[in-house]
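User: I have a chain loaded and want to talk through its packing. Can we go over it together?
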Amino acid sequence: MTQELTNRKVAILATDGFEQVELTDPKQALEQAGAQVHVVAPEGDSIQGWNHQDKGDKIPVDCTLDQVSASDYDALVLPGGHFNPDQLRTNSQAVQFVREFFAASKPVAAICHGPWTLIEADVVKGRTLTSWPSLKTDLRNAGATWVDQEVVVDQGLVTSRNPKDLPAFNSKIVEEFCEGKHLAQARSV
């Protein structure tokens, strides 16, 4: 893969309970494209991954939310998992961090249950996206149009349904992150 993301910094926001492959695969794809990728968490030195319903690996945290701001990064990735986005959406600092990417028109990607945090950040109204099917009603109630597709791109917002969609998701996040800012992204905030 070419180094098309050289000199770009990407934050992956996660906490305990993330679906492991939904963090590690996008991180690897972004690094292979030349991006500098930081795992950002609300706190701690590491976060606990999950492989579906079984504990996975602990992943090192590069920065905590109190050490960074959205202005430090060019793009954001939100992995899924059941527990991870549920915890993030109740953390005001995490929600504000997400909102700041949209306000700055920076590309954002979310997979599986990751859009729960987008709902809390109040950035999905009028957007078309996908997610794990159980979020369909939540997203529609928040004003989004939900579709059942492996990957959806809406003005710099990339979403996918589940780990099976990772090849398409990873390809699109590299593409969208290469494009950089999407001015329409700020319309969500």
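User: Which way does α1 pass α6, in a left-handed or a right-handed crossing?
Analyst: The crossing of α1 with α6 is right-handed. Bear in mind that this is a predicted model.

User: What's the angle, and how far apart are the axes?
Analyst: Helix α1, residues 20–32, packs against helix α6, residues 166–179, at about 45°. Their axes are 10 Å apart. Angles under 35 degrees would count as roughly parallel and 65 to 115 as roughly perpendicular, so α1 and α6 are oblique to each other.

User: Which residues make that contact?
Analyst: From α1 they are V21, E22, D25, P26, A29 and L30. From α6 they are L166, F169, N170, I173, V174 and F177.

User: And by class, how many are nonpolar, polar or charged?
Analyst: The contact of α1 with α6 has 9 nonpolar residues, 1 polar and 2 charged.

User: Moving on to V77. Where is it, and is it buried or exposed?
Analyst: V77 is in strand β7. V77 has a relative accessible area of 0%, so it is buried.

User: What does V77 touch?
Analyst: Leaving out residues up to four places away in sequence, V77 touches V10, A11, I12, L13, P26, L30, A109, I173 and F177. Of these, P26 and L30 belong to the α1 side of the helix contact, and I173 and F177 to the α6 side.

User: How far is V77 from P107?
Analyst: The C-alpha to C-alpha distance between V77 and P107 is 8.8 Å, and they are 30 residues apart in sequence.

User: What about L76, which strand is that in, and what is its accessible area?
Analyst: L76 is found in β7, which covers residues 75–78. Its relative accessible area is 0%, so L76 is buried.

User: Which residues is L76 in contact with?
Analyst: Apart from neighbours within four places in sequence, the contacts of L76 are A11, L13, F97, V98, F101, P107, V108, A109 and F177. F177 is also on the list for V77.

User: And how far in space is L76 from K136?
Analyst: L76 and K136 are 22 Å apart, C-alpha to C-alpha, with a sequence separation of 60 residues.

User: Switching to backbone angles. What is phi at S105 and at Q155?
Analyst: S105 has phi near 65°, a positive value in a residue other than glycine. Q155 also has a positive phi, near 50°, and is likewise not a glycine.

User: Why flag those?
Analyst: Because most residues other than glycine have a negative phi.

User: Buried or exposed?
Analyst: S105 has 7% relative accessibility, so it counts as buried. Q155 is at 40%, so it counts as partly exposed.

User: Last topic, the whole chain. How many helices and strands?
Analyst: The protein chain has 6 helices and 12 strands.

User: What does the radius of gyration say about it?
Analyst: A compact globule of 189 residues would have a radius near 16 Å, and the chain has 14 Å, which agrees. The C-alpha trace spans about 35 × 35 × 30 Å along its principal axes.

Conventions
Residues are numbered from 1 along each chain as its sequence is written. This is a predicted model: local features need pLDDT of at least 70, side-chain atom pairs count only at pLDDT 80 or more; totals for chains, interfaces and linings use all residues. Side-chain values use heavy atoms; hydrogens and water are left out. Axes are lines fitted to C-alpha atoms, for helices over the stretch in contact, and angles run from 0 to 180 degrees between N-to-C directions. Helices (H or I, at least four residues) and strands (E, at least two) are DSSP runs, numbered from the N terminus. Angles under 35 degrees count as roughly parallel, over 145 as roughly antiparallel, 65 to 115 as roughly perpendicular and the rest as oblique. A crossing is left-handed if the near helix is turned anticlockwise from the far one by less than a right angle, and right-handed if clockwise. Contact means heavy atoms within 4.5 Å. Ala, Val, Leu, Ile, Met, Phe, Trp, Tyr, Cys and Pro count as nonpolar, Asp, Glu, Lys and Arg as charged, and the others, Gly among them, as polar. The radius of gyration is taken over C-alpha atoms; the globule rule is 2.2 Å times the number of residues to the power 0.38. Buried means under 20% relative accessible area, exposed over 50%, partly exposed in between (1.4 Å probe, protein chains only).
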